[in-house]
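This report looks at a predicted model. It takes up the single chain, then the pairing of the copies.

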There are 2 protein chains.
Amino acid sequence: MADIEQVNSPNTAPDVRGREADEPRASRIARFDTPLKLDAGVELAPVQIAYNTYGTLNADRSNAVLICHALTGDHHAASDNPVTGKGGWWETLIGPGKPIDTDRYFIISSNVLGSCMGTTGPASTNPATGQPWGLSFPVITIRDMVRAQAMLLDHLGIDTLFAVVGGSMGGMQVLQWASSYPERVFAALPIACATRHSAQNIAFHEVGRQAIMADPDWRGGRYLLDGTNPRRGLAVARMGAHITYLSDAALHRKFGRKYQDRATPTFSFDADFQVESYLRHQGSSFVERFDANSYLYLTRAMDYFDLAADCGGVLANAFKDTPTRFCVISFTSDWLFPTPDSRATVHALNAGGARVSFAEIVTDKGHDAFLLDEPELFAIVRGFLDGAGKARGLNAAQPREAR
Amino acid sequence: MADIEQVNSPNTAPDVRGREADEPRASRIARFDTPLKLDAGVELAPVQIAYNTYGTLNADRSNAVLICHALTGDHHAASDNPVTGKGGWWETLIGPGKPIDTDRYFIISSNVLGSCMGTTGPASTNPATGQPWGLSFPVITIRDMVRAQAMLLDHLGIDTLFAVVGGSMGGMQVLQWASSYPERVFAALPIACATRHSAQNIAFHEVGRQAIMADPDWRGGRYLLDGTNPRRGLAVARMGAHITYLSDAALHRKFGRKYQDRATPTFSFDADFQVESYLRHQGSSFVERFDANSYLYLTRAMDYFDLAADCGGVLANAFKDTPTRFCVISFTSDWLFPTPDSRATVHALNAGGARVSFAEIVTDKGHDAFLLDEPELFAIVRGFLDGAGKARGLNAAQPREAR
């Protein structure tokens, strides 16, 4: 199972999860008292953003790359994750000499609004009450996440990003960045995503949310206060979602109908099949690292994402006369955000007059391919950023052995 | 939503569900004291089978058609369902002058072993204890279901079936019939199914089972005794499964991103989107008509289904020198049992020397197309049965107006 994401399973008690939300380890923290205006029509203050940076900002402040993470990701993109003890989730892509080269670029990876790893979200303490926000946290959107990231860039004194890169929900943020702040984005790399969440994807999210809210330990969202954790509901939500991240072919190749530690079926409801055992592990380990309410809020933000609706129903208007150059990437076996979704994005960009290239990568690894060892992805990201870097006037990195 | 199955929602208390399992309404009942030998290596006795018949058995006893139902189906194929108050689930296909013509054929529709609508299953009373079987019911297989159906045919004095017809889990039974009792099946119509359950399908089933077993009201399977009902878990299981019965395209066509009874989002976790409201309805209405433990047992039977494994790993051996004629049908948008699964069945039948025709029907309705108003399906079933009837020497029905 080398190329399917696995997560360690530290036993994290509710108070530990709460602490991670307020005082994230191995993170930089930016705090803002200026209210953040949200799409829901309310203002959120104060706002804390947890982030990490890799590489060095150049004198022109022109080499900043923003990494946008997916639903259950975090800002530990290229450094060890203090919760799981594992390496960064995109360290295959980010590092010295790697496609997103820390020798050339200044990389900013921030935890999204609504998450539970240090940026303000439902697991954070509401200073006004001294208690976790829980369901009193306002429902947020992808645009709100991007607004918060823009606040962080202002704070860091970065006017224009050289590039914004992300997959899945991260790709939605990339598209939102290009639409909301075209002058601040030189190059955009939306991977395995779409300009709107489909009915089927909303449906899958809704099942996950219902699984969480059906768990009596969820307690109407007040579980952190009550010292409980809706681990069964959250595990079921993760199991269902995890299937959608893979592909039928990958599951067949990895597991097929092979039994787990036995030669014949037990004729029981034990995890006879390897695929059952694998899924159960995915569910139970996820519960140790993620907050159930954050899962509700972030899935909801994805559901609400619809760039065309924000632009009078005309998707091309989202990118009209954009100065940004784009590289759109999809995977053949991704059925959560299938290639036609990316083609629709490309057509809208074309209609908006954008400079855009598009790559569909052949793989059986499904949606999760953007997180896995996918050499063609690495080559495309490297090539696109190299070309954009030349256009931006960024100097090439010194040969590593010369330093 | 005319072509997506909807179910009424009578409020059925646990004791009512228990009674339906033991004393099904609007049903014929056959009782057997002879033990049924199960694949799990145990014997089950007594066994009760609930069934319905439509049409008249001819003097030669050569016009019997067995209808095999899907996971949550029942024996009310062409007559009103006493639990939901709705018409039969396949009355589009079965009736006077219809493709499965009650003027020509004697149709037998039986509730499968392990179900909850009158054939012995976990919701039935175990006569040895006077209590519901619950999890003490043995785990069963598709082959066990077919063995029970063969007992029923013996009881009815029917040696050879003119045809066996079914979709999804019903199609698995059709294939098992042809493999286990080739001399007893003149013609076989497996629709939207496969000769083995895929890793992805096992995975989806496992998520559903975990959702049920995570519900505290499941009580280790003893909920009927305790007077509870794991309705939240079962509803979540159904919601997730229901997505797999449809297609991305059908969900987009029916619901898209349309809001339910509102013009703008509520920025909440209410069912803002029509697709959410629809799914919630599917979940809550299912709970009123189906038993949670039966859901566990029947999904498990599907998981274990693997005809090749039963024949030394060579699928063609399952049909070697079969006298049965086959018509295999798939639907273009069915991603639960996609067309390649049906093609694999056809290739195995060819390798076994079978007489087989194959049709892939173009539709966006997904797996559920076999239950819906699908004229091409009707025409193919009619044509295949007409041809087989001629070969079987069945007289054509009298023109209806002549009688």
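## Fold of chain A

In this predicted model, chain A holds 11 helices and 14 strands. Its radius of gyration is 21 Å, close to the 22 Å that the globule rule gives for 403 residues, so chain A is as compact as a globular protein of that length. The C-alpha trace of chain A spans about 65 × 55 × 50 Å along its principal axes.

Buried residues account for 56% of the 403 residues in chain A.

## The interface

How many residues of chain A are in contact with chain B? There are 42, and they meet 42 residues of chain B. On the side of chain A that touches chain B, the elements giving two or more residues are α4 (199-214), α6 (231-245), α7 (248-254), α8 (274-289) and α9 (292-304) of chain A. α4(A) gives the most to that side, with 11 residues.

By residue class, the side of chain A that touches chain B divides into 23 nonpolar, eight polar and 11 charged residues.

Note on methods:
Residues numbered from 1 in each chain as written. Chains lettered and ligands numbered in written order. Predicted model: local features only at pLDDT ≥ 70, side-chain atom pairs only at ≥ 80, totals over all residues. Contact = placed C-beta atoms within 7 Å. Helix = DSSP H or I, 4+ residues; strand = E, 2+ residues; numbered from the N terminus. Nonpolar A, V, L, I, M, F, W, Y, C, P; charged D, E, K, R; others polar. Rg over C-alpha atoms; globule rule 2.2 N^0.38 Å. Buried ≥ 20, exposed ≤ 12 C-beta atoms within 10 Å, placed from the backbone.
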